[in-house]
Amino acid sequence: MFYKLGLIGYPIEHSLSPWIHMKLLEETNLTGSYMLYEFPSDSFQNRLESLKMENLVGFNVTVPYKQKIIHYLDSLDETAKLVGAVNTVYNKNGSWVGYNTDGIGYTRALYNTYPNFYKNKENRILIIGAGGAARGIFFALAQAGFKNIDITNRTLSHAENVAKISADINTNLYSLKDVTKYLAHYDLIIQTTSVGMKPNVIETAISLDDIRPSTIVSDIVYQPYTTQLLHDAQNMGAQLLHGHLMLLYQAQYAFEIWTKQSVSVEKLMEQLKQKLEGR
Ligand code: ATR
């Protein structure tokens, strides 16, 4: 079988997904391709109809189409429904099924880096942000059994919407300013907004005034490899979780959906880090 895969989005010329998925095909001894389909928004529907003719096994979806694509799919898995965004499509005998692999990608990165964190489901977690990525991560952490997940966001009503995803979670909501008073409470702080992403590399969504060295500080931004928030956390002696790991594990999960094969991403971690650091 030839695994014809790809990515739709705009712009996508700098995407790391072709590199990752070609490595995963190599690792599993499968043959296939991963093509970029850069669709300008004025021709999205036509281009998607032509894509259907190409009979891909599956494809990823990125900005700005993660929500727009839903209208063109035949069904959605539970996570994609709850998150309201799709980043992976699987062609199941001609019908397109939408998935969202961000949350599982994140929890796999966390579990594989800090397995001990999973031993205490009472650990206190703070999510910064309330967009699609935050929704996926909140849901995946709730599914994993964590009980205390607070949210801080610029717009509090968006944070309220995220909290509604799972009623059994204890959730406090804070403004970006107020939350700084409580940072010492947290065992894990997860930054899910685009703040700090290249070229705005000196920005941080919150200031990390008072965290404990045992706290894990995690940023889903991976360009730059070490964001300002992670630099600040490192200076305070905290534990770090870099964003490229979520990128690798969400790709791993997408690859499993398409090929039904398990594949390890450990070997790619250092290579991806070097690529991001421009080495
Ligand atoms: P994604 O789907 O990638 O998570 P998104 O849905 O656009 O992206 O979500 C963006 C998140 O980043 C939101 O939490 C947004 O805050 P608002 O809900 O107030 O819009 C947050 N965000 C984006 N730019 C920000 C900025 N400059 N400062 C603070 N938060 C920001």
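A residue is taken as buried when its relative accessible area is under 20%. In this predicted model, phenylalanine 39 has a relative accessibility of 1% and therefore counts as buried. Phenylalanine 44 likewise has a relative accessible area of 1%, so this residue is buried. The two rings form an edge-to-face aromatic pair, with 6.3 Å between centres and 65° between planes. Both residues belong to one aromatic cluster, which also includes Tyr37, Tyr65 and Tyr72.

Between isoleucine 8 and tyrosine 174, the C-alpha to C-alpha separation is 35 Å in space, for a sequence separation of 166 residues.

Over the whole structure, a search finds nine aromatic pairs, and the pair of phenylalanine 39 with phenylalanine 44 is edge-to-face. Tyrosine 118 and phenylalanine 146 form a further edge-to-face pair, at 5.1 Å centre to centre and with 80° between the planes. This pair links distant parts of the chain, its two residues being 28 residues apart. Tyrosine 118 is placed in the loop between helix 4 (102-113) and strand 7 (124-128), whereas phenylalanine 146 is placed in the loop between helix 5 (132-143) and strand 8 (148-152). Tyrosine 118 and phenylalanine 146 are both buried.

Aromatic rings also take part in arrangements with lysine side chains. The charged end of lysine 52 is positioned over the ring of tryptophan 96, at 4.3 Å from the ring centre. Lysine 260 lies over the face of tyrosine 90, and here the distance to the ring centre is 4.1 Å.

The packing of helix 5 against helix 6 (residues 156-163) was also examined. The axes of these helices come within 10 Å and cross at roughly 30°, and the crossing is right-handed. On the helix 5 side, Ala134, Arg135 and Phe138 meet Asn161, Val162 and Ala163 of helix 6. Classified by residue type, the contact comprises four nonpolar residues, one polar residue and one charged residue.

Conventions. Residues numbered from 1 in each chain as written. Predicted model: local features only at pLDDT ≥ 70, side-chain atom pairs only at ≥ 80, totals over all residues. Heavy atoms only, no water. Phe/Tyr/Trp six-rings, centres within 6.5 Å; stacked < 30°, edge-to-face > 60°. Buried < 20%, exposed > 50% of the residue type's maximum accessible area, 1.4 Å probe, protein only. Helix = DSSP H or I, 4+ residues; strand = E, 2+ residues; numbered from the N terminus. Lys NZ or Arg CZ within 6 Å of the ring centre and 35° of its normal. Axes fitted to C-alpha atoms, helices over the stretch in contact; angles between N-to-C directions. Left-handed = near helix turned anticlockwise from the far one by under 90°. Contact = heavy atoms within 4.5 Å. Nonpolar A, V, L, I, M, F, W, Y, C, P; charged D, E, K, R; others polar.
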